[in-house]
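Let's take a walk through this structure together.

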Amino acid sequence: MEMGFRDDFLWGGATAANQCEGGYDEGGRGLANVDVVPIGEDRGPIITGQMKHLDFDDAHFYPAKKAIDMYHHFKEDIALFAEMGLKTYRFSIAWTRIFPKGDEQEPNEAGLKFYEELIDELLKYDIEPLVTITHFDMPIHLIQEYGGWRNREVVDFYERLVTVLFNRFKGKVKYWLTFNEINMILHAPFMGAGLVFEEGENQEQVKYIVAHHELLASAIATKVAHEVDPENMVGCMIAAGQYYPNTPNPADVRQAQMDNQENYFFIDVQSRGEYPAYALKQLEREGIEIPFEEGDKELLKEHTVDFISFSYYSSRVSSADPKVNEKTEGNIFASVKNPYLEASEWGWQIDPLGFRITMNELYDRYQKPLFVVENGLGAIDTPDADGNIVDDYRIDYLKQHVETMKEAVELDGVDLLGYTTWGVIDLVSAGTGEMKKRYGFIYVDRDNEGNGTLARSKKKSFDWYKQVIESNGEDLDYTKG
Ligand code: P53
């Protein structure tokens, strides 16, 4: 019997442009939605689209402006990734570096050059680039002038973007993801898709117009990717994490089923090539119309993704009982508390077995290779007397998840291409804007207020992950303390 991970298993780490690059106004870069989300109490209403915020103001601090300044540190950072033995590095391309406003005819050469250098640096160390084309970002100009993704013209601008990328990086980049956590449209529409609601509009209707346009854009990207280079592998990407019923009451089971379907909806279209029946029926009942045009159905059907990628941090719990839901906690993904699970310092419930469950669900549903492109623990790291970060809690979290991931592969037969941990290097939190919520194997000296030298240093988990990669996931042991 074949055991363990495949020989060419892609161990790696992940980041996103706006959370690590900084250099928001360098190299001709334009402004994006993700730049203008501040840290602090207004962040929640802003990322969920309830507050219009399309520029900077003096009352707020904007952590993405500088982030960890990877724009200037990428060579040093990639050298550390290579030292850890990473086989792949997942990063995203800031749309506004390539098309600063989004609707130009010609791309910005300085932006292309930046990513070319970054990619060449990875290839120098035999690190396979894994590119997220859109990680939550949308040029502000497209929001102001076109209404963002609610406007079908934006699909053409996206096609322009991907066509430039596939041609420029042909033969260098093989793995592409069209949209990060595409289901985030429903949960954090401004951060997830640059969506700002207008007064009195039917928000659900708008979300599904946006969804339709992103789904078309994703199918077009898949088509163009395969035309430019048949070697290209294109994936969809979902914020995964199974919803469990709060009790065996069939009403709770049904609620969990519906919550799962709501999330799967997007990748059902991207992977199976058509709107699922449950969604069509429900949208019809709610009076929500999908702006189908001639040829859309064929396009979606003919250009489905090659693999399914996902983030997994936590499972979730659903209840049909309004009294239980009143007590529901959580920021972006609301969830009933699961009494069987411990939670992180940010209240994210830790569920390694749920990882195996989620992988089984996804593999059963799509029968396509999976790629875990985010998993990790956001925690406060405090240096010890010698200035070292002894992050046993992070190693524990990852170890437990790698164990269940291995079970999904070895015992359940899930076809898995690779695993990239989230925040391979400390970066700005998407949900809260904090630096303090750290995920990395590499510590970055910077705090929530933007103070710090930006110096990089290795945490204890750095050596642990190196050992995991060297042993292809066989040696997960470590000594505590
Ligand atoms: P942060 C919520 C739930 C699941 C995934 O999140 C999420 C979020 C956003 O808060 O986002 C993904 O930084 C996302 C990354 C993000 C990461 O999870 O809030 O793809 O950009 O940083 C972790 O702790």
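How far from an oxygen atom of the ligand does a backbone N or O atom of A430 lie? The distance is 2.7 Å in this model, which, please keep in mind, is a predicted one.

In total, 17 residues surround the ligand, and Q19, E374, A430, K437 and Y439 are the closest. In this shell you will find 9 nonpolar residues, 5 polar ones and 3 charged ones.

Side chains reach the ligand too. E181 places a polar side-chain atom 3.0 Å from a ligand oxygen atom, and S429 has a polar side-chain atom 3.2 Å from an oxygen atom of the ligand. How much of the ligand does the protein bury? Taken alone, the ligand exposes 470 Å², and the protein buries 97% of that.

Now let's move on to the helices. Two packed helices are described by the angle between their axes and the distance between the axes. Start with helix α7, which covers residues 153-168, and helix α10, which covers residues 203-228. Their axes come within 9 Å and cross at roughly 25 degrees. Because angles under 35 degrees count as roughly parallel, α7 is roughly parallel to α10. The crossing of these two, α7 and α10, is right-handed.

As for the handedness, α16 passes α17 in a right-handed crossing.

Methods
Residues are numbered from 1 along each chain as its sequence is written. This is a predicted model: local features need pLDDT of at least 70, side-chain atom pairs count only at pLDDT 80 or more; totals for chains, interfaces and linings use all residues. Side-chain values use heavy atoms; hydrogens and water are left out. A residue is near a molecule or strand if one of its heavy atoms lies within 4 Å of it. A polar contact is a pair of N or O atoms within 3.5 Å; within protein, one must be able to donate a hydrogen and the other to accept it, and residues adjacent in sequence count only if both atoms are side-chain atoms. Accessible areas come from the Shrake-Rupley method with a 1.4 Å probe; for residues, only the protein chains shown count as cover. Ala, Val, Leu, Ile, Met, Phe, Trp, Tyr, Cys and Pro count as nonpolar, Asp, Glu, Lys and Arg as charged, and the others, Gly among them, as polar. Axes are lines fitted to C-alpha atoms, for helices over the stretch in contact, and angles run from 0 to 180 degrees between N-to-C directions. Helices (H or I, at least four residues) and strands (E, at least two) are DSSP runs, numbered from the N terminus. Angles under 35 degrees count as roughly parallel, over 145 as roughly antiparallel, 65 to 115 as roughly perpendicular and the rest as oblique. A crossing is left-handed if the near helix is turned anticlockwise from the far one by less than a right angle, and right-handed if clockwise.
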